[in-house]
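Work through the exercises below with the sequence and the model side by side. Each task is followed by a solution in steps.

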Amino acid sequence: MKQKRALIIVLLTVVTVLGFAAPVAEERPAIPIASKALVVGPETRLIKDPPLLRWGRQIAIANEAGYSIVSFDLYNQAMVAESGAAANVLKESLGNGERQVIDLYAHPHLLSAIASRDGQPFFYTAVDSEGDYYYGEWDPAFDSWTITLTFSSYRSDYLSLRYPAESGSLALINRSGSDIVSFFLEPNHYSLFDGSEENLIEGVIVEPGQVALIPFSSFSESDGWYMAIDGDGNRYRGTFSSDESPWAIVVGGESDRPAARGYYSLVIENRLDAAIWYLWAMDSDEYLNDEWGEELMGWDIITGGGSAEIDLYGNEVWASRLESGWEGRLYLVAESSDGERYVTYTEVDSSEPDMVVTIFEQQKMVEKSPDILAELVLYNRTGGVLWYLYTVTGLDFEAIDSGEDLLGDLVWQHDQFLTLSLDEDDLDASGIVRLYAVDPDGEVYARSWSEGGERMIIFRQGDRVE
């Protein structure tokens, strides 16, 4: 009984104290509790790619070549004696600036060759997304176990070394991503193939990454035009000459897209640092009248230093012209990723249906100002280079070097044209401008232009001033 009574008293006391203490309690500021993840200290050191243990079970491939690497083969002489077939240690394409760690247990022949420590050097062959080859050497006893591939290992002569001229067979290398099921080589242009051509790999499928060695004894013609067809019906085409090395044809790669249809083919080579995003084609009248028409490239681009085939037959206007037998000068305007425009041309001629056009920095177009009166197209057909270009108003001219040299640092090559914009200040009351071009020997060539006249002005040998 006493215990129960005492318990009640205690409870009442606590309730009483709490009841009277609550109204007078002070509010104290909350003290923040530091997070256990918070660390204060000096800046720490970084090792981006920790070095791999020498003679361990891993090697690494680092790509600093500037292009994605799709294949990397590592081998020594002992491995070649056992099998000459190329292998690929990469798990997936290796982008520029990336590093990939390779588990040697997944490649037992390579692991065994390295583990033998017999002092033999190892060699590597790599192929990038453009189909170009790299070759180098690696010594596991002294070199880093991260093999860094740089552009200095690029070998433009690799195929010539591997498949030299007069080797007795033509190497058909498949990098298209699809099976190659047909291959033809004929003296006639591939647009004239009518189905009677001999399939030189009849009954054979050349899978991606494989090489077919076609004996020259099976060729009816050793020079001419070739066409390869993959399992999806895509066509890859070009020319081959037995007088040139290598005796190899590489099908596929980013720079070798399926061929365009039609008799004519147009390849654009981009020698700019920037990529080409847009391309227009026009005849002479359309170019002079700024009628560019439909853009040809769509969503495609041509990277700096790259090339691509343009399908003129994909454009309704040009397909109609070419199929109706149109020939003449084809003007091309390219726009780069930085917004600069470049102009050049080629001749459409049925005797030379394969057209290759190169875009250089020197072909940059000058932006027209609102007060431009006329834009002249000047064409150098003098047979040599020209160093200076002057304009003089009227026919009653002063010394030709009284004006500004319009070429500046540019050397005006033979068979090259440039544009010249004229405004009202360039003409006097006569409406005539005199144009003088000077070659390195001081020979002067003169032409005149009057307002409203033909805007194409050609400098020829006969225009030399005596």
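Two residues are in contact when heavy atoms of theirs lie within 4.5 Å. The structure is a predicted model.

**Exercise 1.** Locate Gln363, decide whether Gln363 is buried or exposed, and list what Gln363 touches beyond its sequence neighbours.

Solution.
- Step 1: Gln363 sits in the loop that runs between β18 (354–359) and β19 (372–381).
- Step 2: The relative accessible area of Gln363 is 13%. Buried means under 20%, so Gln363 is buried.
- Step 3: Leaving out residues up to four places away in sequence, Gln363 touches Arg341, Tyr342, Val343, Thr344 and Thr358.

**Exercise 2.** Describe the setting of Tyr154 and what Tyr154 touches.

Solution.
- Step 1: The loop between β6 (146–150) and α4 (158–162) holds Tyr154.
- Step 2: With a relative accessibility of 30%, Tyr154 counts as partly exposed.
- Step 3: When residues up to four places away in sequence are not counted, Tyr154 touches Asp132, Tyr133 and Tyr134.
- Step 4: Ala65 is 89 residues from Tyr154 along the chain, and the C-alpha atoms of these two are separated by 8.3 Å.

**Exercise 3.** How many salt bridges does a search of the whole structure find? Examine the pair Asp103 and Arg57.

Solution.
- Step 1: Side chains of opposite charge can pair when their charged atoms come close.
- Step 2: The search of the whole structure gives 12 salt bridges.
- Step 3: One of them joins the side chains of Asp103 and Arg57, at 2.9 Å from N to O.
- Step 4: Asp103 belongs to strand β3 (residues 99–103), while Arg57 is in the loop between α1 (2–21) and β1 (58–64), so the pair ties together parts 46 residues apart in sequence.
- Step 5: Asp103 is partly exposed at 29% relative accessibility, and Arg57 is partly exposed at 40%.

**Exercise 4.** Examine the salt bridge between Asp463 and Arg447, then that between Arg155 and Asp157.

Solution.
- Step 1: The side chains of Asp463 and Arg447 meet with an N to O distance of 3.9 Å.
- Step 2: This pair links distant parts of the chain, 16 residues apart: Asp463 in the segment after β24 (456–460) and Arg447 in strand β23 (residues 444–450).
- Step 3: Asp463 is buried, with a relative accessible area of 18%, whereas Arg447 is partly exposed at 25%.
- Step 4: In the salt bridge of Arg155 with Asp157, the closest N and O atoms are 2.9 Å apart.
- Step 5: Arg155 is partly exposed at 30%, and Asp157 is partly exposed at 28%.

**Exercise 5.** Which residues are linked with Asp49 in a network of salt bridges, and which residues form a negative surface patch?

Solution.
- Step 1: The network links Asp49 with Lys48 and Arg99.
- Step 2: The negative patch consists of Glu166, Asp223, Asp243 and Glu244.
- Step 3: Glu244 lies in the loop between β11 (235–240) and β12 (248–252). Its relative accessible area is 53%, so Glu244 is exposed.

**Exercise 6.** Summarise the whole protein.

Solution.
- Step 1: The secondary structure comprises 6 helices and 24 strands.
- Step 2: Of the 466 residues, 40% count as buried.
- Step 3: Among contacts between residues at least 6 apart in sequence, 65% join residues at least 24 apart.
- Step 4: The protein exposes about 27,100 Å², and carbon and sulfur atoms supply 50% of that area.

Key
Residues are numbered from 1 along each chain as its sequence is written. This is a predicted model: local features need pLDDT of at least 70, side-chain atom pairs count only at pLDDT 80 or more; totals for chains, interfaces and linings use all residues. Side-chain values use heavy atoms; hydrogens and water are left out. Patches are made of residues with over 30% relative accessible area and no salt bridge: like charges are joined within 9 Å, nonpolar side chains (Val, Leu, Ile, Met, Phe, Trp, Tyr) within 5 Å. Accessible areas come from the Shrake-Rupley method with a 1.4 Å probe; for residues, only the protein chains shown count as cover. A salt bridge is a side-chain nitrogen of Lys or Arg within 4 Å of a carboxyl oxygen of Asp or Glu. Lys and Arg count as positive and Asp and Glu as negative; His and the chain ends are not counted. The place of a charge is taken as NZ of Lys, CZ of Arg, CG of Asp or CD of Glu. Helices (H or I, at least four residues) and strands (E, at least two) are DSSP runs, numbered from the N terminus. Buried means under 20% relative accessible area, exposed over 50%, partly exposed in between (1.4 Å probe, protein chains only).
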